[in-house]
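Dear colleague,

Please find the structure below. I would be grateful if you could look it over alongside the notes that follow.

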Amino acid sequence: MYVKIEADRLLFIRQNQKKLRVDEYIHLKDAITNDSDPANHGKLVILPSTFTGSPRNMHEYAHDAVTYVRHGGKPSQFITYTFNPNCKDMA
């Protein structure tokens with residue numbers, strides 16, 4: 001079911017590139033103007049930053065991490081937590 005939903009999201013993004021205003025992305029304009037052979041581009045589909053796992057999404061998360069460090073200082077601890085849903089003590 002996850003793959004079906006993900007495929008539908010990708011199909012929507014591919015079919016609605018004009019609505020997502022991808023023609024305004026600066027990197028796309030740079031690639032078209034700097035590369036003289038349009039055959040090298042193929043069919044370019046820009047994934048928005050709201051698409052989880054896309055390069056724009058990861059870039060946004062990296063900027064968020066830098067902002068957290070800038071405002072809160074360097075982290076002094078790294079804590080992970082694992083939860084077992086089958087544990088009788090947690091019920």
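Helices (H or I, at least four residues) and strands (E, at least two) are taken as DSSP runs and numbered from the N terminus. On that basis the chain has three helices and zero strands, in the order α-α-α from the N terminus.

The model is predicted, so local features need pLDDT of at least 70 and side-chain atom pairs count only at pLDDT 80 or more, while totals for chains, interfaces and linings use all residues. Residues are numbered from 1 along each chain as its sequence is written, and side-chain values use heavy atoms, with hydrogens and water left out.

Of the 91 residues in the chain, 13% count as buried, where buried means under 20% relative accessible area, exposed over 50%, and partly exposed in between (1.4 Å probe, protein chains only). Contact here means heavy atoms within 4.5 Å; of the contacts with a separation of 6 or more, 44% are between residues 24 or more positions apart.

The loop between α2 (26-34) and α3 (55-72) holds Ser54, and Pro48 also lies in the loop between α2 and α3. Ser54 counts as buried because its relative accessibility is 1%. Leaving aside residues up to four places away in sequence, Ser54 touches Leu47, Pro48 and Ser49. The Ser54 side chain also reaches the backbone oxygen of Phe51 at 3.0 Å. Pro48, at 12% relative accessibility, is therefore counted as buried. Its C-alpha atom is separated by 9.8 Å from that of Arg21, 27 residues apart along the chain.

Yours sincerely

How values were computed:
A polar contact is a pair of N or O atoms within 3.5 Å; within protein, one must be able to donate a hydrogen and the other to accept it, and residues adjacent in sequence count only if both atoms are side-chain atoms.
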